[in-house]
Amino acid sequence: MLSCPSTKVSGSTAALRGARVSSQNVRNGSRVVMRGGGSSGQRAQKGRWRGIDADMDMSDDQQDIQRGRQMVDSLFQGGQGMGGTHNAIMSSSEYLSTAQRTFDNIEDGFYIAPAFLDKMSIHVAKNFMDLPKIKVPLILGIWGGKGQGKTFQCNLAYKKLGIAPIVMSAGELESGNAGEPAKLIRQRYREASDIIKKGKMSSLFINDLDAGAGRMGDATQYTVNNQMVNATLMNIADNPTNVQLPGVYKTEEIPRVPIVCTGNDFSTLYAPLIRDGRMEKYYWNPTREDRIGVCMGIFQHDNVNRGDVEKLVDAFPGQSIDFFGALRARVYDDKVRDWITGVGVENIGKKLVNSREGKVEFEKPSMPLSTLMKYGNLLVEEQENVKRVQLADEYLSGAALAGSGGSSLPEAYRAV
């Protein structure tokens, strides 16, 4: 019978007692510090998950879950879809924002009015400065006539300043649920503030504020949401560094975010909102030089010289800037008509949707001044028809019956 001698390890108990673990912070493999009984050395281990630890990344947990995909073996991360362990539980706008816009796709060569860029850049800079004993208006309200290029000039100015703003439209300022638009404004403002907190400039850009929050005459219904949108913007303008979501009442200072709004008539807004301490107002009425500069950008790829552009602008002084963009699009009608004639009306769908031949391409039409003037006069004629006919007044004022003086009479007979 074999006997196994017992082995005695002397000092083992003392060694175990002397070994102390001073820090064992195992969180996603971030940092493990082991300290032995008389040793002063430390060992720090950084794992692959260190970048999304709570003290390193302040993003949302749902984003972390989704970013964790492909970082472990596929055997342990589950399949695609809702059953996967590395798929975000929610993918709504609460977690994934689609409001931030970049204008890198706008090519160079478009004209920015110097006065417009000056107003935008000064407003943004003042809101990021700490001026002593100066109350800087948080909101810049740019208003003016329809089709004068307010939104596009803002886009060009944002691109020039290197800002990717958080964008809202007038359609988001009304909802079937009371208080939802006001909450959305606060969310978007805080989202822009988070971008600034991470070291990048941002801004909140609201398109057509008067269309969503204004009151257009006595017949317009003034809802609770209209009232709360005005009140929310007033509150944010008064407290730009303390903007909380509904139901959250903790005091938390956030970076200030400049707000830029566009509209046609700010007199329809609540008067305390547009007072000078809260909103700086700028009336955008492009000069002749501005109109020529914008039109040079519109026709920059069509070999239209500056002399023809000046004559074109002077020929239609009462038209908005988008009139000239519509004029350029109208010149393509002859090319499109010739293409439809060539392929046949019945074959348009096969050529335009899921076509094996690719996109339709044809040569650019020539744009001499005479052609531009011809199509410009056609557009003006259609505008005059809208103002002249006024069928709604005729139909609503009484029974407009067909006859010698009815509205169904052709233009040629009426002229006779």
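**Ground rules.** I number residues from 1 along each chain as its sequence is written, and side-chain values use heavy atoms, with hydrogens and water left out. Because the model is predicted, local features need pLDDT of at least 70 and side-chain atom pairs count only at pLDDT 80 or more, while totals for chains, interfaces and linings use all residues.

**Entry 1, the sheet.** I looked up the strands, taking helices (H or I, at least four residues) and strands (E, at least two) as DSSP runs numbered from the N terminus. Five strands form an open sheet in the order β4-β5-β6-β3-β7, with parallel pairing; two strands pair if DSSP finds at least two bridges between them. Which strands stand at the edges? They are β4 and β7 (279-283), each with a single partner strand, so one side of each has no neighbour in the sheet. Neighbouring strands are turned by 20° against each other on average, direction ignored; axes here are lines fitted to C-alpha atoms, for helices over the stretch in contact, and angles run from 0 to 180 degrees between N-to-C directions.

I then noted that helix α4 (residues 114-128) packs on the sheet, where it touches β3 (139-143), β6 and β7, and that its direction makes about 165° with that of β3.

**Entry 2, the pairings.** I followed β3 to its two partners: five bridges join β3 to β6, and five bridges join β3 to β7. In β6 the bridge partner of G141 is C261, and in β7 the bridge partner of W143 is Y283. Four of the five residues of β3 are buried, where buried means under 20% relative accessible area, exposed over 50% and partly exposed in between (1.4 Å probe, protein chains only). At the other end of my list, β4 and β5 pair over three bridges, and M168 has I206 in β5 as its bridge partner.

A nonpolar core is a set of buried Ala, Val, Leu, Ile, Met, Phe, Trp, Tyr and Cys residues joined through side-chain atoms within 4.5 Å. The largest one has 31 residues, and those with the most contacts inside it are I139, Y189, L204, I206, L209, L233 and I259. Elements that each supply at least two residues of this core include β4 (166-168), α6 (180-197), β5 (204-206) and β6 (259-263). Which element gives the largest share? It is α6, with six residues.

K133, in the loop between α4 and β3, has a phi near 55°, a positive value in a residue other than glycine. Is K133 buried or exposed? K133 is exposed, with a relative accessible area of 87%. D208, in the loop between β5 and α7, also has a positive phi, of about 55°, although it is not a glycine; at 34% relative accessibility, D208 counts as partly exposed.

Terms used:
Contact = heavy atoms within 4.5 Å.
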